[in-house]
Amino acid sequence: MPSAAVSSQGAVTVLRFGRLAAMGTVTVLILIAGVWASWGTAHHVMLTKGRESGTIEVTGCGADTCSGPYTPVSAGSEPRASVVIEKSVAVRKGQTYTVVVKPGSDDVVRSGPAGVLYAWVPLGGALLLASVVVAGGLRRTRPAWVLAGSGIALLTAAFVTV
């Protein structure tokens with residue numbers, strides 16, 4: 001019987017390690033996906049050196065986008081009759097927003113604190129989702145609360161600012 005108890009203990013250890021490895025991998029993948037989804041917009045907003053910046057006055061909105069005339073603020077930026085910004089709850093017809101032009105296009109993204117926070121909203125959602133995996137799969141409640149608190153803080157700041 002002693003060898004059966006030892007092999008049972010070994011199986012429990014292997015299963016525990018497998019659970020930790022699997023849930024750790026899932027957590028890392030969720031966080032990487034959140035950063036990846038955010039970075040597509042965030043790098044335009046955060047790394048503005050050499051980019052055209054200005055304002056857009058939203059004059060019309062379609063199903064997915066809004067448009068309006070672009071007024072440059074940065075040196076070397078050209079005025080445009082119409083640029084396109086993604087339609088969201090943060091963009092309303094008749095409002096003026098500070099924006100950065102995506103290189104080689106007439107697409108713009110919001111800049112300033114509101115633009116930065118809005119760009120990182122997918123990461124906020126990923127932090128909340130990862131906190132559930134960390135709490136349930138890894139059984140680490142303190143790190144889970146830190147992840148959840150960070151996600152809630154980011155989403156709340158974006159909501160208040162935008």
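Domain bounds here come from an automatic or database domain assignment. I kept that in mind throughout, since the model is a predicted one.

**Entry 1: the domains.** I looked up how the chain is divided. I found domain 1 at 53–111 and domain 2 at 112–161. I then checked the spacing of their centres, taken over C-alpha atoms, and got 28 Å.

**Entry 2: the interface.** I asked how many residues of each domain are in contact. Four residues of domain 1 touch five residues of domain 2. Next I looked up the area. The size of an interface is often given as the accessible area lost when the parts come together. For domain 1 and domain 2, I noted a buried area of about 360 Å². Carbon and sulfur atoms give 54% of that area. On the side of domain 1, Ser 88, Arg 110 and Ser 111 lose the most area to domain 2. Together these three make up 79% of what that side buries.

**Entry 3: the kinds of contact.** I looked for salt bridges between domain 1 and domain 2 and counted zero. I counted one residue pair in polar contact between the domains, with both residues at pLDDT 80 or more. I also sorted the touching side of domain 1 by class: no nonpolar, two polar and two charged residues.

**Entry 4: Ser 111.** Where does Ser 111 lie? I found Ser 111 in the loop between strand S6 (107–110) and helix H2 (112–119). Is Ser 111 buried or exposed? Its relative accessibility is 13%. Buried means under 20%, so Ser 111 counts as buried. Lastly I listed its contacts, leaving aside neighbours within four places in sequence. Ser 111 is in contact with Val 45, Thr 98, Val 99 and Val 100.

Notes:
Residues numbered from 1 in each chain as written. Predicted model: local features only at pLDDT ≥ 70, side-chain atom pairs only at ≥ 80, totals over all residues. Heavy atoms only, no water. Contact = heavy atoms within 4.5 Å. Buried area = accessible area lost by both parts, 1.4 Å probe. Salt bridge = Lys/Arg side-chain N within 4 Å of Asp/Glu carboxyl O. Polar contact = N/O pair within 3.5 Å; in protein donor to acceptor, adjacent residues only side chain to side chain. Nonpolar A, V, L, I, M, F, W, Y, C, P; charged D, E, K, R; others polar. Helix = DSSP H or I, 4+ residues; strand = E, 2+ residues; numbered from the N terminus. Buried < 20%, exposed > 50% of the residue type's maximum accessible area, 1.4 Å probe, protein only.
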